[in-house]
Amino acid sequence: QIMAACEKTLGYSGVSCPPATAGMTQVVYMANLNDISSWTAGTTGWYSDVTMKAGKGLYRMEIKKDSGRFHETLQGAEESLGSYDQDYEAMIASMSIGARNAVDDSNGPDLVIFAPSKSQEVFIIGKDLGARMVENEGDTNQDAYGERIIFRATQMREKRVHLLDTDYDTTIALLESLVIAS
């Protein structure tokens, strides 16, 4: 699904179109930026495929329900040097050694994040320059239990881009086919 029919013929129109569903799914996919060999571009803002280097793949992480969040901010536009910062934030509902190690392994490398939304869009964060973990907080308090993480891609040349291979289900199947570790 690329756009609702009302958007194809009328352009963006929040009044006549059904509203999107806010929030992210309970799964996120990550790859090391250097493990991606190529992208297949679709129309502006869309990519239809990602190819991994031999023996490389995606890491699949389950996150706490309703904890995923994508946020994008324009930086420096008043100086005509506009770039975007893209953040992906989530909670892992565990304080186990496995959760600790997954978070620790994410600290340092340049990552590309594939974040599916509840509106059946897959946001790509850090496509060209990579995203880095910029915050991590482990907490044993009941409401905040687990590992909170924020990945940030800075100075991105364009607004977020999306992955879409035919339709949402096919796109998720593509991502799942590239998973080498969960």
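Is S67 buried or exposed? In this predicted model, S67 is buried, with a relative accessible area of 15%, which falls under the 20% limit used for that class. The residue lies in the loop between β4 and β5. One runs to the backbone oxygen of K64, at 2.7 Å, and another to the backbone nitrogen of M91, at 3.0 Å.

The aromatic residues were examined next. A pair of aromatic rings is described by the distance of the centres and the angle of the planes. Three aromatic pairs were found in a search of the whole structure. In the pair formed by W39 and Y47, the ring centres are 5.7 Å apart and the planes stand at 65°, so the arrangement is edge-to-face; the cut-off for this class is an angle over 60 degrees. W39 counts as partly exposed, at 22% relative accessibility, whereas Y47 counts as buried, at 14%. The pair F70 and F123 has ring centres 4.9 Å apart and planes at 15°, and is therefore stacked. F70 belongs to strand β5 (residues 69-75) and F123 to strand β8 (residues 122-125), so this pair ties together parts that are 53 residues apart in sequence. Both partners are buried: the relative accessible area is 17% for F70 and 9% for F123. W39 and Y47 also belong, together with F114, to one aromatic cluster.

Helix α3 spans residues 168-177, and its buried residues are Y168, T171, I172, L174 and L175. These residues lie on the same side of α3, because they cover an arc of only 155° around the axis. The exposed residues D169 and S177 are carried by the face turned away from this buried side. D169 also takes part in a contact at the start of the helix, where a side-chain oxygen of D167 comes to within 3.3 Å of the backbone nitrogen of D169.

Two or more lining residues come from each of β1 (27-32), β4 (58-62) and α2 (97-105). By class, the lining of this pocket is made up of nine nonpolar, four polar and three charged residues.

The largest cavity has a volume of about 40 Å³. Residues Q86, I124, K127, D128, M156, E158, K159 and V161 form its lining. Four of the lining residues of this cavity are charged, three are nonpolar and one is polar. Among the charged residues of the lining are K127, D128, E158 and K159, while I124, M156 and V161 count as nonpolar and Q86 as polar.

Definitions and conventions
Residues are numbered from 1 along each chain as its sequence is written. This is a predicted model: local features need pLDDT of at least 70, side-chain atom pairs count only at pLDDT 80 or more; totals for chains, interfaces and linings use all residues. Side-chain values use heavy atoms; hydrogens and water are left out. Helices (H or I, at least four residues) and strands (E, at least two) are DSSP runs, numbered from the N terminus. Buried means under 20% relative accessible area, exposed over 50%, partly exposed in between (1.4 Å probe, protein chains only). The arc is that of the directions from the helix axis to the C-beta atoms. A polar contact is a pair of N or O atoms within 3.5 Å; within protein, one must be able to donate a hydrogen and the other to accept it, and residues adjacent in sequence count only if both atoms are side-chain atoms. On a 1 Å grid over the protein atoms alone, a cavity is a set of points where a 1.4 Å probe fits but cannot get out, and a pocket is an open set with protein on both sides within 12 Å along at least five of seven lines; lining residues have an atom within 4 Å of a point. Grid points are joined across faces, edges and corners, and a volume is the space filled by probe spheres set on the points. Rings of Phe, Tyr and Trp (its six-membered ring) pair if their centres lie within 6.5 Å; planes under 30 degrees apart count as stacked, over 60 as edge-to-face and the rest as tilted.
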